[in-house]
Amino acid sequence: MTVFSLAYTLHVLAALVWVGGMFFAWMILRPAAVAALEGPARLKLWTNVFPRFFVWVWVAVLILPISGVGLLQLRFNGFETAPRYVQVMMGLYVVMTALFIRIQALQLPELRTAVAAEDWATGAQALGKIRKLVGINLIVGLVVVAVASARPMF
Ligand code: HEM
């Protein structure tokens, strides 16, 4: 395996884990939890789901730019000569990471505190904010993967 193919594999796997995880949470787990669980049980489920998933998101947040910059150097000899779709990818990475850090630093502690205090109304509000931000990040992530895959168009 060459350094290039190792970096490429890690890069695509990291994107898969992050975007695929958000897809599963939003499209599958969220409606299933609404159908099967009462409000308090649902909030407790999400306080257990997010920290486990976020460990892997942090891994992806680190691996994507490290492997991505490696690919940039190996394939395009640096930033200046990188094609448009790679620049779009880097810009949207910043957006995705900023939204993720916002959830991790603000919304998740709010949800945890509310659940610990059995304040279900505040917990539901915090979960609603997280749902919105994850929904936006899922769309941005899908756009990045589409842009990366359809690169001859950009
Ligand atoms: C600092 C952030 C990033 C940098 C510097 C970067 C850079 C790159 C580079 C140089 C390539 C190879 C392009 C080529 O061979 O033509 C690539 C491919 C790819 N990137 Fe990124 N990337 C970043 C973030 C992301 C993010 C956030 C995602 C998705 C969530 C992503 C998904 C992909 C995918 C799926 C490919 C493979 C495309 C294909 O071969 O079809 N990248 N990236």
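Which residues does the UniProt annotation "domain: Copper resistance protein D" cover? According to that unreviewed entry, the annotation covers residues 49-149, although such annotations may be inferred rather than shown by experiment. This is a predicted model, in which local features need pLDDT of at least 70 and side-chain atom pairs count only at pLDDT 80 or more, while totals for chains, interfaces and linings use all residues. Residues are numbered from 1 along each chain as its sequence is written, and side-chain values use heavy atoms, with hydrogens and water left out.

**Annotated span**
- Residues 49-149 are 90% helix and 0% strand, helices being DSSP runs of H or I with at least four residues and strands runs of E with at least two, and the end C-alpha atoms of the span lie 30 Å apart.

**Iron site**
- H11 (NE2) and M89 (SD) are the protein donors of the iron atom of the ligand, lying 2.0 Å from it, where donors are N, O and S atoms within 2.8 Å of the metal (3.2 Å for Na, K and Ca).
- This pair links distant parts of the chain, with H11 in helix α1 (residues 3-36) and M89 in helix α3 (residues 84-116), 78 residues apart.
- H11 counts as buried because its relative accessibility is 13% (buried is under 20%, exposed over 50%, partly exposed in between, with a 1.4 Å probe and protein chains only).

**Helix α4**
- K129, found in helix α4 (residues 120-149), counts as partly exposed at 37% relative accessibility.
- The C-alpha atoms of K129 and I103 are separated by 8.5 Å, the two residues being 26 residues apart along the chain.
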